[in-house]
Amino acid sequence: MTEKKFTIALAGNANVGKSVIFNLLTGLHQHIGNWPGKTIEKAEGTLHFKGYTIDIIDLPGIYSLSTFSIEELISREYIAVERPDLVINIVDASVLERNLFFTLQLLELETPMIVALNQMDMAKKKGMKIDTEKLGELLGVPVIPTVAISGVGIYDLLEKSVEIIEGRHKTEPVKAKYGKEIEEKVEKIARMVEKTQFKYPARWVAIKLLEGDEEVEKEILKINPKIVSAAEKLATEIEEIHGHSCSTVITSERYEAASKIAQEIQEITPQIKPPMRERIHALTTHKIFGYPIMAVSVLSIFYFIFTFGDFTSSFLGDSLFGLKPIFEGMFGTGVVGKLVWGGVMEGIIGGVTVALPYILPFYFMLYFLEDSGYLSRIAFLMDNFMHKIGLHGKAFIPMMLGFGCNVPGCLGCRIMETERERLLAAFVVTLVPCAATTVIILGLVGAFVSIQWALALYIIDLLIIFFLGRLAFKALPGEPTALVMEMSDYRVPHLKTVLKQTWFRLMEFVKMAFPLIIIGSLVIKMIEILNLLEPIANILSPVTVTWLGLPAITGITLIFGVLRKELTLIMLATLLGTTNFAQVMTPVQMIVFTLVAMLYIPCIATIAALAKEFGWKKAYFITVFEILLALLLGGIAFRLLSI
Amino acid sequence: MELRLTELRDGESGIITSIKASQGRSWRSRRVGRGWGLKKRLEDMGLTPGTKVTVVKSAPFRGPLEVYVRGSRLAIGRGMAERIFVEVKR
């Protein structure tokens, strides 16, 4: 029996319904991870169809195959090197020109391909009539009209895919023709490249060399430097004729080709009345009204999440802690019992009471807003503000998530374009006071000092973010950041896709964070069992007592806080034997303690997220930096406030 | 006349003449200048020379521009928009 297995990659612009199609195809058989060594999410899934096992790879949403972003690099490497059996190019029928620009580039990679002409309903709403068959003729590949959100055309898409892979349907992809001067030069270089047996198609390499693509240049230099210098010479010739850089000329001509195809196949009847989605867009990006609308939306989302989270968290906590007698019955109350319950189980409970009540709704809201199109409007409104800390508008979104929990905040930094922006944004996110930090601020300073001081701490934190963000922005070398973002039409999110996206991201978090949380809580339990807590508190006392002016016992609570920040407060109550902190700590001590707890370390789950996204070295660096920062500021605050 | 994209009034259209990779450098410099990647990005999004672009509005406090180009709506940071030159009939 032969193995009937093959691979299909989904490629297309962002916001074309790619994830909806991915979710329709793969259902619950998904695996979310990262591309090896990259901060880019890799979504994979499997599907069984007509006796075949099909692996589906969801490539990142991109606009080109140049090297502007890591996503683009990953996508073209994948298509050219891994050689999927078929690429399904998902095209937004309502924004044909720009989508076809990408299609033409995919065709240049000479990979077996099929086009899913998606959002046909939206195109119709916009008054567009599209000749699908003609498009197929012009591109030389099959074109299947689809409306992913209602599942229309998906079966046809699969059937056609199988036909092509089985070889029953022969395709003859058309290649975009450039102007005469460029075609001549492309051919000249392509002939030289052909002899090198390079992994990419010769014509594609020739075009990229003319465009001055860094990555391709680097690799060809290793094989035959003569080709690169020849290409450079020819590119200069083009530049002299056109008065623009060669890359600009090629992009221009490719767009012309896309535009010509679009004009040939679509008929547009202009609409008289601006539709609802346009009016919502105008209102939500309005110079004045846009901001209050945003504030109300964001705050009500937070309110919803925290109300839901608080309730669910305590409910889950209570029921899970109810299991304690059962565990004690099974494992006893000796060392083993303590380790099983206090280490493993309390770790799991800690994870569960954060993951389900807070992270789940956070992800849900994130994907809901993203799918609807509102996130890009928020980025538009906040761009100017975010520039003040060296980031651009999109970074507001992970930051906003960070206020709930730093973990999705760090993972949310994936929406930034470059590795540098991702790292910068993640660094800023780890300084954002999360829900647990808010519990400490309000529960200690807010309740026992004054609400003004609690607010002041918040403001101090934001100022720190502002200054450190700027500093990191100046310190890290690289391209300047700027917002270049599509604001796709508003639409009703596809609930099933949003739910699946939420669920699989949650699972990813669980896999990543739970082992660390459990190990962490086991280690701390061991220290407790070995009666090392007090010696450690004593070792730390030069820092805690002398430098920060805190009671020695706080050294222990700060260690526990690594697991979950709110544990600092809970442990403080346990160890001091009272919840009336005013009896055991002075107001200054409470303020200093909160300030330190707020900044001193990202919790263990956040460290795990950082390590996963940026590697252990950077995670370690950020952690150590923040500990030192917290101690420095805490000490200064203690001295200032004691005057 | 030739203007920067940021100098256009709300609702005004122009034809793109060039995008400067960074202030003061000419088009001739290949991959030189700090904004090269962003220039490429803009072109990949459809803002190539000769294309008609319409400024819909800009966000307040010198925020980004909302532009309409090739049937899609884009947000472009102000710093980047200042490097886009357009020919306008006034």
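Modeller: Let's start with a term: a salt bridge here is a side-chain nitrogen of Lys or Arg within 4 Å of a carboxyl oxygen of Asp or Glu. Please keep in mind that this is a predicted model.

Colleague: Thanks! Then what makes B:Arg73 and A:Glu278 a salt bridge?

Modeller: Their side chains meet with N to O at 3.1 Å. The cut-off is 4 Å for an Arg nitrogen and a Glu carboxyl oxygen, so the pair qualifies. Across the interface of chain B and chain A, the rule finds seven salt bridges.

Colleague: Which elements of chain B give two or more residues to the side that touches chain A?

Modeller: They are strand S2 (13-19), helix H1 (36-44), strand S3 (52-58), strand S4 (65-69) and strand S5 (72-76) of chain B. H1(B) provides the largest share, nine residues. By type, that side of chain B divides into 15 nonpolar, eleven polar and 15 charged residues.

Colleague: How much area do chain B and chain A bury between them?

Modeller: About 4200 Å², with 52% of it on carbon and sulfur atoms. The contact takes 41 residues from chain B and 52 residues from chain A.

Colleague: Why are strand S10 (residues 484-486) of chain A and S5(B) called paired?

Modeller: Pairing needs at least two bridges between the strands, so a count that reaches this is enough. S10 of chain A and S5(B) have three bridges and run in the antiparallel sense.

Colleague: What makes S3(B) mostly covered?

Modeller: Five of its seven residues are buried; a residue is called buried because its relative accessible area is under 20%.

Colleague: Why is B:Lys89 called exposed?

Modeller: The label exposed asks for over 50% relative accessible area. B:Lys89 has 84% relative accessibility, so B:Lys89 counts as exposed. B:Lys89 lies in the segment after strand S6 (84-87) of chain B.

Colleague: How far is B:Lys89 from B:Phe61, the hairpin turn residue?

Modeller: Their C-alpha atoms are separated by 27 Å, and the two residues are 28 residues apart along the chain.

Note on methods:
Residues are numbered from 1 along each chain as its sequence is written. Chains are lettered from A and ligands numbered from 1 in the order in which they are written. This is a predicted model: local features need pLDDT of at least 70, side-chain atom pairs count only at pLDDT 80 or more; totals for chains, interfaces and linings use all residues. Side-chain values use heavy atoms; hydrogens and water are left out. Contact means heavy atoms within 4.5 Å. Buried area is the accessible area (1.4 Å probe) that two parts lose on being put together, summed over both. Helices (H or I, at least four residues) and strands (E, at least two) are DSSP runs, numbered from the N terminus. Ala, Val, Leu, Ile, Met, Phe, Trp, Tyr, Cys and Pro count as nonpolar, Asp, Glu, Lys and Arg as charged, and the others, Gly among them, as polar. Buried means under 20% relative accessible area, exposed over 50%, partly exposed in between (1.4 Å probe, protein chains only).
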